[in-house]
Amino acid sequence: MNIDNLPSDWKTALAGEFEKPYFTKLQDFVASERATHTVFPPDEDVLNALRLNPYERVRVVLLGQDPYHDDGQAHGLAFSVRPGIKPPPSLANIYKELRTDIPGFTIPNNGYLVPWAEQGVLLLNAVLTVRAHQANSHKGQGWETFTDSVLKAVSARPTPAIFLLWGGYAAKKIPLIDNSRHIIIKSAHPSPLSAHNGFFGSHPFSQINSQLAAWNQPPINWQLPDL
């Protein structure tokens, strides 16, 4: 896992995290998993959420749980899949909510969310690797400690951000966030199991853009191009 190509401000914000014993142990675990199993995403994509979104540019944090575990899906951004891969059910539900929440939004023919990341949306999973076809298989190995440090780092900035927390797992991260300075938007998860119990109709995307406007920041263009 190459940390050398991270933006310099993330290296500063996470100073010392990469040297801690838990992170060395985590790297060893992932390396041993890759030696004996297929692991997603590929090594060079594991830290893409940070690589594509410098620390000082983060405007929105969207927290997922762990990477998609089927072939060719995961590439280091929560909820996103590679071009040519059918959007999974949770992402399909995100698009359905966008269609009712953002005037003029049309559902794209792909699930590639890089354009959001490039506008300051940090698409961060709590766990950054997974064994193929085994959901949550890398849970509890240290990734949560690392990604909690990312959340704390964003919370520590003087510049405010919006934290979008979907589902009970994400809501557990609220104590890491200084809500006197930052905005927290939470609802049910877009998973088919829960989307009808509080995700649909929650209007998170328009809420985000309204808050950004209140901060005199440009809105997120949620529309994704067809590929």
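**Close-up 1. The second largest cavity and the residues around it.** Val46, Pro67, Gly76, Leu77, Ala78, Asn125 and Leu128 line the second largest cavity. Please keep in mind as you explore that this is a predicted model. The space inside this second largest cavity comes to about 40 Å³. Sorted by class, its lining has five nonpolar and two polar residues, with no charged residues.

**Close-up 2. The largest cavity and its lining.** Here you can look at the largest cavity, which holds about 60 Å³ of space. Met1, Asn2, Asn5, Asp43, Glu44, Val46, Leu47, Asn48 and Arg51 form the lining of the largest cavity. That lining is made up of three nonpolar, three polar and three charged residues. A search of the whole structure turns up two cavities of 30 Å³ or more.

**Close-up 3. The largest pocket and the residues closest to its centre.** The largest pocket contains about 530 Å³ of space. It is lined by 28 residues, and those closest to the centre of the pocket are Gln65, Asp66, Tyr68, Ser90 and His189. In terms of class, the lining of the largest pocket has 14 nonpolar, twelve polar and two charged residues.

Close-up 4. Helix H7 gives the largest share of the lining, with four residues. Helix H4 spans residues 89-101, and you will meet this helix again in the next view.

**Close-up 5. Helix H4 packed with helix H8.** Two packed helices can be described by the angle between their axes and the distance between those axes. For helix H4 (residues 89-101) and helix H8 (residues 204-214), the angle is about 60 degrees and the axes lie 8 Å apart. H4 is therefore oblique to H8. On the H4 side, Ile94, Glu97, Leu98 and Asp101 make the contact, while Pro204, Phe205 and Ser206 make it on the H8 side. Grouped by class, this contact of H4 with H8 has four nonpolar residues, one polar residue and two charged residues.

Conventions:
Residues numbered from 1 in each chain as written. Predicted model: local features only at pLDDT ≥ 70, side-chain atom pairs only at ≥ 80, totals over all residues. Heavy atoms only, no water. Axes fitted to C-alpha atoms, helices over the stretch in contact; angles between N-to-C directions. Helix = DSSP H or I, 4+ residues; strand = E, 2+ residues; numbered from the N terminus. Parallel < 35°, antiparallel > 145°, perpendicular 65-115°, else oblique. Contact = heavy atoms within 4.5 Å. Nonpolar A, V, L, I, M, F, W, Y, C, P; charged D, E, K, R; others polar. 1 Å grid on protein atoms, 1.4 Å probe; cavity = no way out; pocket = protein on both sides within 12 Å on 5 of 7 lines; lining within 4 Å. Points joined across faces, edges and corners; volume = space filled by probe spheres on them.
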